[in-house]
Amino acid sequence: MNPCVVPCTPVDPHGDDRWMSQHKRHVLETREREPEVLLIGDSIIHHLQYRPIWNELFEPLHCLNFGISGDSTQHVLWRIQNGALENIKPKVIVVLVGTNNVSNTAEEISEGIIEIVRTIRGLQSDCHIVVIDLLPRGQFPNELREKNAAVNKLVRSKLSSWPKVEIVVSDKGFIQQDGTISHLDMPDYLHLTEGGYRKAFESLHELLLQLLSEGEEEKDLTPSE
C-alpha cells in the first residue's frame, strides 16, 4: 500500500498535540466563516497568511488558510476526510503539499496528490480545484529537488484531463543560471520570503480572480425580468 494515499495523523513528537489543535481550530472556522477560497497544505500555505501578500491579495478574496507546517499528503488527506471541508462551500480549493514526503518516491507522492484531489471532488462536487506545483528546494541541485520536479510532471499528466482542475506553475525564476536558489527568495532554501511568495503566488491570485468571476459574469448575462 502506498503510504501517501493512506489518511493518517502525524506523530506527535513533542507531546503537546499541536497538530490536532490546529486541525480542530480549522474545523471550528468552517462553522464560523463562509470562504470563497480555501487553501490547504503544508508550511508553504501556512506561512502565507503571515506575509503582506496575504492581506493585500488573498484576504480580500475571502480566503481561509488551512496550512499546517510539516504536513505530508496523508495528513492533508486525513484532514479533508475529518471535517476540514464540512459546513463550507468554497468556489475554489487550493492544494499545495508533497515536499515533506521525503521518504516516498515521485510516483507515490503524485498518487497522494491525486487522491487528495479525488477526495475533494467527492466532497465538494462543484468547486474548482487548483493544485500548485511543488517548489524547488535546496541551495544547490539535489535529489529532493529532482524528485519534486518529477512529481510535478506526473501530477500535470494525470490531472490534465480532469474537469475544473487547474495546475499553477509556481517555479518562476527560483533556480538561477548556476543551478542555485537565492536566500533572497528562500532564506532556508525551503520556505519563502515575501519576494519569494510574490514570485510563486501572484499567478495563483490571477487565476483565482478569473475563477471567482465566472459566476458573476453568468449573473450579469442573465436577462432581468
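1. Contact means heavy atoms within 4.5 Å. Helices (H or I, at least four residues) and strands (E, at least two) are DSSP runs, numbered from the N terminus. This is a predicted model: local features need pLDDT of at least 70, side-chain atom pairs count only at pLDDT 80 or more, and totals for chains, interfaces and linings use all residues. Residues are numbered from 1 along each chain as its sequence is written, and side-chain values use heavy atoms, with hydrogens and water left out.

2. Start with the helix α4 (73-81). How many of its residues are buried? Buried means under 20% relative accessible area, exposed over 50%, partly exposed in between (1.4 Å probe, protein chains only). By that rule, 8 of the 9 residues of α4 are buried. They are T73, Q74, H75, V76, L77, W78, R79 and I80.

3. What covers these buried residues? The cover includes α1 (18-32), β1 (37-41), β2 and α5 (106-123). Just after α4, G83 has a positive phi of about 110°.

4. Now the sheet. It is open and has 5 strands, in the order β2-β1-β3-β4-β5, with parallel pairing. Two strands pair if DSSP finds at least two bridges between them. β2 and β5 (165-168) are the edge strands, and each pairs on one side only. On average, neighbouring strands are turned by 20° against each other, direction ignored. Axes here are lines fitted to C-alpha atoms, for helices over the stretch in contact; angles run from 0 to 180 degrees between N-to-C directions.

5. Look inside the sheet at one pair. β1 and β3 (residues 92-96) run parallel and share 5 bridges.

6. Next, the loop between β2 (63-67) and α4. D71 sits in this loop. Is D71 buried or exposed? D71 is buried, because its relative accessible area is 1%. Leaving out residues up to four places away in sequence, D71 touches W19, G41, D42, V76, R79, V97 and N100. Among these, V76 and R79 are also buried residues of α4.

7. S72 lies in the loop between β2 and α4 too. S72 is buried, because its relative accessible area is 6%. Which residues does S72 touch? Again leaving out residues up to four places away in sequence, the contacts of S72 are V97, N100 and N101.
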